[in-house]
Amino acid sequence: EENIARNVISTFAGKVDYIFIDIELKQKINLFKIAKMNAVQSKLISIKPNDTTLESCDILIRRKFNDDLINKNIVIIGTGNLASKLALRLCERQANVYKGRTLEKEKNILNAINLFIPKYSRKVMSFDQIPQTERVDVIVSFLSGKFKEEHLLCPFIDRSTFIIDGGINNFSNNFIKSSLNKNILITRLDTRIALPYQLLSIHNDTLNFFDNIYGTKTINNVQFVAGGVIGQEGAVIVDNIRQPSQIIGIADGNGGVKKDEELSQTDRETLREVKQTISGY
């Protein structure tokens, strides 16, 4: 409820340096707007819990298979945000991804994912396309309720199959007991795995990039750019904007660097002057 959110945020405002706010609109309440009005003394950091869940699942699977998912058979159950994002992610890791069945919504999702996967990736396929002789290495479920077709999975499961309940309580008690009795590893996703992902915006490396590397400034009437900033033609591209120590080149005004034969006499004089200037930093 909005009044509860307001009270909680107001309680901590000014007492903590940062308040992390879920930016995803899962209901009509806009938490970030409420926080902006009630937490002016603390810095607000927007977070996307769905991304934390995705990163956690990705890391968990990579850890299980020693970061080698090439040609692993992975079944992803679900038609929502997380299931679709994970299908794309694991496809990009060269896994054989099977998702859903022949329902129209699933077909549309599969077609959409396959439109923008890397050129040489194997397409994400329907669950119905798993060869009958194959076994499944990983099963991930991201549903909001129970999965009612567990019997379809059983022929593809053996003791080495890794099962992840990402939606929490997606599988029946009988399915879980049966898996445990067969010594099959079944895990409920713990999103603490990827908590550091949400802290990237205040990580020292990130802060250093924006404080010291990224930007533009003028020294002795010469424009300097760094960190990816596109400069006007003739601008000097350097390694960092606060204390440049390396010259990358002269900007061509189109986002590129001039080749040596493209440098004008003015450009060459600028480079000589700049080398003398930055040697003093």
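Phe-12 belongs to helix 1, which covers residues 2-12. The model is predicted. Phe-12 has a relative accessible area of 45%. Leaving aside residues up to four places away in sequence, Phe-12 touches Ile-19 and Ser-42. Gln-94 lies 82 residues from Phe-12 in sequence. In space, the C-alpha atoms of Phe-12 and Gln-94 are 45 Å apart.

Five strands form an open sheet in the order 4-3-5-6-7, and their pairing is parallel. Strand 4 (96-99) and strand 7 (185-188) are the edge strands, each pairing on one side only. From one strand to the next, the twist averages 15 degrees. Strand 3 and strand 4 run parallel and are joined by 4 bridges. Val-75 stands opposite Tyr-98 of strand 4. Helix 3 (residues 49-64) lies across strand 5 (138-141), strand 6 (162-165) and strand 7. The angle between helix 3 and strand 6 is about 165 degrees.

Strand 3 also takes part in the largest pocket. The volume of this pocket is about 400 Å³. Its lining holds 20 residues, and Ile-77, Gly-78, Gly-100, Glu-106 and Phe-147 are the closest to the centre. Strand 3 (73-77) and helix 5 (104-116) each supply at least two residues of the lining. The largest share, 3 residues, comes from strand 3. By type, the lining divides into 10 nonpolar, 6 polar and 4 charged residues.

Methods
Residues numbered from 1 in each chain as written. Predicted model: local features only at pLDDT ≥ 70, side-chain atom pairs only at ≥ 80, totals over all residues. Heavy atoms only, no water. 1 Å grid on protein atoms, 1.4 Å probe; cavity = no way out; pocket = protein on both sides within 12 Å on 5 of 7 lines; lining within 4 Å. Points joined across faces, edges and corners; volume = space filled by probe spheres on them. Nonpolar A, V, L, I, M, F, W, Y, C, P; charged D, E, K, R; others polar. Buried < 20%, exposed > 50% of the residue type's maximum accessible area, 1.4 Å probe, protein only. Contact = heavy atoms within 4.5 Å. Pairing = 2+ DSSP bridges. Axes fitted to C-alpha atoms, helices over the stretch in contact; angles between N-to-C directions.
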